[in-house]
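Visitor: I would like to learn how to read the packing in a model like this one. Please start with the terms.

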Amino acid sequence: ANGYQLCCDLDHWIRRRIRMAYWRQWRKPRTKIRQLMRLGVEIRTAVGCGRSSKGPWRSAKTPGINQVLSLAYLKSQGLYSMRDGWIKLHHS
């Protein structure tokens with residue numbers, strides 16, 4: 001009975017963890033700002049996110065990073081959604 005909610009929660013956690021990995025991979029504030037702007041965030045938001053003193057886990061939850069590394073972007077990069085898999089399995 002709780003399978004669907006567990007899939008949604010785990011899916012959410014995995015996406016946040018992937019966003020954190022991107023954030024760590026970019027390392028320096030200048031690179032973070034440049035990458036956010038390259039992916040479509042306006043300059044003010046990119047600078048605010050890139051220069052933040054928050055850790056990578058907390059930063060992965062900010063609106064600027066969620067806008068750029070959205071579910072659609074992550075799916076285009078090949079991320080499989082557990083929620084969609086659960087729905088396909090149980091409601092086919």
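Guide: A nonpolar core is a set of buried Ala, Val, Leu, Ile, Met, Phe, Trp, Tyr and Cys residues joined through side-chain atoms within 4.5 Å. Buried means under 20% relative accessible area, exposed over 50%, and partly exposed in between, with a 1.4 Å probe and protein chains only. This is a predicted model, in which local features need pLDDT of at least 70 and side-chain atom pairs count only at pLDDT 80 or more, while totals for chains, interfaces and linings use all residues. Residues are numbered from 1 along each chain as its sequence is written, and side-chain values use heavy atoms, with hydrogens and water left out.

Visitor: Which residues make up the largest nonpolar core?

Guide: In soluble globular proteins, nonpolar side chains tend to be buried together. Here the largest such core has 12 residues: Y22, W23, W26, I33, L36, V41, A46, C49, I65, V68, L69 and L74. At least two of its residues come from each of α1 (3-26), α2 (29-38), α3 (43-50) and α5 (63-68). α1 gives the largest share, three residues. Helices (H or I, at least four residues) and strands (E, at least two) are DSSP runs, numbered from the N terminus.

Visitor: How many helices and strands does the chain have?

Guide: The chain has seven helices and zero strands. Of its 92 residues, 30% count as buried.

Visitor: How are two packed helices described?

Guide: By the angle between their axes and the distance between the axes. Axes are lines fitted to C-alpha atoms, for helices over the stretch in contact, and angles run from 0 to 180 degrees between N-to-C directions. For α2 and α3, the axes come within 8 Å and cross at roughly 145°.

Visitor: Which residues of α2 and α3 meet?

Guide: Contact means heavy atoms within 4.5 Å. On the α2 side are P29, K32, I33, L36 and M37, and they meet I43, A46, V47, C49 and G50 of α3. Leaving aside neighbours within four places in sequence, A46 touches I33, L36, M37 and V41.

Visitor: Is S59 buried or exposed?

Guide: S59 counts as buried because its relative accessibility is 2%. S59 lies in helix α4 (residues 56-59). Apart from neighbours within four places in sequence, S59 is in contact with W23, K54 and I65.
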